[in-house]
Amino acid sequence: MFSYWEKKHFFDYELIVVGSGFVGLSTAIHYKKKHPKANVLVLEQGVFPSGGSTKNAGFACFGSLTEILSDLKSMAEEEVVALVERRYQGLNSIRTHFGDSELGFSQSFGYELLEGSQEEALNQMDTVNDLLSPIFKEDVFSLLKGTGSMGFSNQIKWIVKNKFEGELDPGKYMASLWILAQQLQIRILTGVTVKEIRHNEGTVLAEDGGGKVILGFRSEKIAICTNAFTKNLLPHIAIQPGRGLILLSRPLGFPIPWQGTFHMDEGYVYFRQVEGRLLLGGARNKDFKNEESTEFVVNTKIKSHLAQLAAEVIFPDKKVVWETEWTGIMAFGGIKSPIIRQVGGKTAVGVRLGGMGVAIGWQVGQELSELLSSM
Ligand SMILES: Cc1cc2nc3c(=O)[nH]c(=O)nc-3n(C[C@H](O)[C@H](O)[C@H](O)COP(=O)(O)OP(=O)(O)OC[C@H]3O[C@@H](n4cnc5c(N)ncnc54)[C@H](O)[C@@H]3O)c2cc1C
């Protein structure tokens with residue numbers, strides 16, 4: 001039962017955004033900047049954003065050498081270059097907009113560990129550098145000398161350095177988005193799950209956390225930014241969820257002989273250090289089928305694979321004790337680009353960010369806001 005005041009002030013908007021991850025908040029912010037008088041509401045089912053934006057590893061990356069080579073097998077060269085450019089520009093635009101210290105960003109460089117069987121990737125490094133030279137104007141990838149100084153097992157034969165990669169703190173990035181959204185007077189309601197959208201009427205039906213209160217919002221425009229969970233609202237959208245697992249160790253208690261962001265296995269495995277701890281995640285490719293899920297559950301097969309990599313490859317002969325673990329959910333599809341399009345008279349989506357939402361979330365929000373403005 002709602003009061004006269006609630007009915008008068010809380011249910012009608014010019015834009016409702018569903019989902020408050022990087023894309024949802026970026027969309028609301030870009031739209032509000034363009035239309036300062038617009039009444040904008042963001043609805044989020046979790047207390048915090050509950051998909052990928054605050055669950056990720058904080059890699060400010062745009063693709064490792066083997067990941068780009070793998071993409072080149074299924075995509076045209078121009079498409080791969082465009083994808084890398086979009087990610088790199090996305091990173092530059094959040095750094096310019098929010099500032100490195102607000103994002104906890106550091107240009108610590110990226111590295112990829114290669115085993116003996118991956119020599120072919122090295123042979124193609126110059127070709128990939130040439131391909132990317134219009135974007136970066138200099139070589140992105142180079143072979144690191146003195147591989148042994150990083151202490152990895154001798155299974156690692158080569159390390160490829162990427163001087164344009166860095167890392168950030170996803171919690172700080174989210175906090176920056178929250179602050180900006182508040183400054184712009186964007187209303188964010190959490191613990192509200194959208195159950196149905198009537199695309200041509202502009203009606204958004206939602207439930208509160210207990211599922212008891214049904215809320216019927218109305219809006220001139222609606223942005224769906226629910227990434228991996230979008231099939232609940234748009235059953236036919238071309239999206240597959242992909243769960244990601246991250247393990248974080250206790251402070252290691254010994255000096256870590258490396259710094260930066262590290263990739264293995266075509267980008268499926270990644271690790272970095274966080275305040276003297278090892279953050280290690282990924283390996284979805286070890287059990288693709290079971291990881292096509294929106295359930296926040298730890299896959300024990302993947303967890304043991306990661307733990308084994310830590311013990312045998314990253315810190316051979318040293319003890320790593322795990323302090324915590326978590327999962328997050330990403331969205332993938334047959335092609336790697338996001339879906340940004342109108343899906344109804346008053347509705348548009350900005351979803352399918354893959355494993356690169358840190359880099360492209362802000363820009364996807366900008367593009368979606370422009371699309372909404374033109375509708
Ligand atoms: C383990 C892991 C590691 C990752 N590491 C990196 C990395 O290092 N670098 C990188 O660039 N990217 C990384 N990513 C990917 C990145 O986090 C995502 O691409 C990005 O967060 C997607 O942002 P989004 O806003 O589209 O989606 P999300 O952050 O998932 O936001 C969608 C929001 O919609 C809400 N929602 C869904 N359905 C409803 C509904 N019906 N009603 C209301 N709210 C709803 C969800 O609760 C969620 O908060 C990683 C992801 C994971 C899971």
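Predicted model: local features only at pLDDT ≥ 70, side-chain atom pairs only at ≥ 80, totals over all residues.
Student: What area do domain 1 and domain 2 bury between them, and which residues supply 45% of the area that domain 1 buries?

Tutor: The size of an interface is often given as the accessible area lost when the parts come together. Here domain 1 and domain 2 bury about 770 Å² between them, with 64% of that area on carbon and sulfur atoms. On the side of domain 1, A228, F229 and G354 supply 45% of the area buried against domain 2, which is more than any other three residues supply.

Student: How should I read the second largest pocket, and how much space lies in it?

Tutor: Rolling a probe the size of a water molecule over the atoms shows where empty space is left. In this model the second largest pocket holds about 340 Å³ of space. It is lined by 18 residues, of which L168, D169, R272, V274 and E275 are the closest to its centre.

Student: Which strand gives the most to the lining of that pocket, and what classes of residue does the lining have?

Tutor: Strand β14, residues 269-274, gives the most, with three residues. By class, the lining of the second largest pocket has seven nonpolar and seven polar residues, together with four charged residues.

Conventions: Residues numbered from 1 in each chain as written. Heavy atoms only, no water. 1 Å grid on protein atoms, 1.4 Å probe; cavity = no way out; pocket = protein on both sides within 12 Å on 5 of 7 lines; lining within 4 Å. Points joined across faces, edges and corners; volume = space filled by probe spheres on them. Helix = DSSP H or I, 4+ residues; strand = E, 2+ residues; numbered from the N terminus. Nonpolar A, V, L, I, M, F, W, Y, C, P; charged D, E, K, R; others polar. Buried area = accessible area lost by both parts, 1.4 Å probe.
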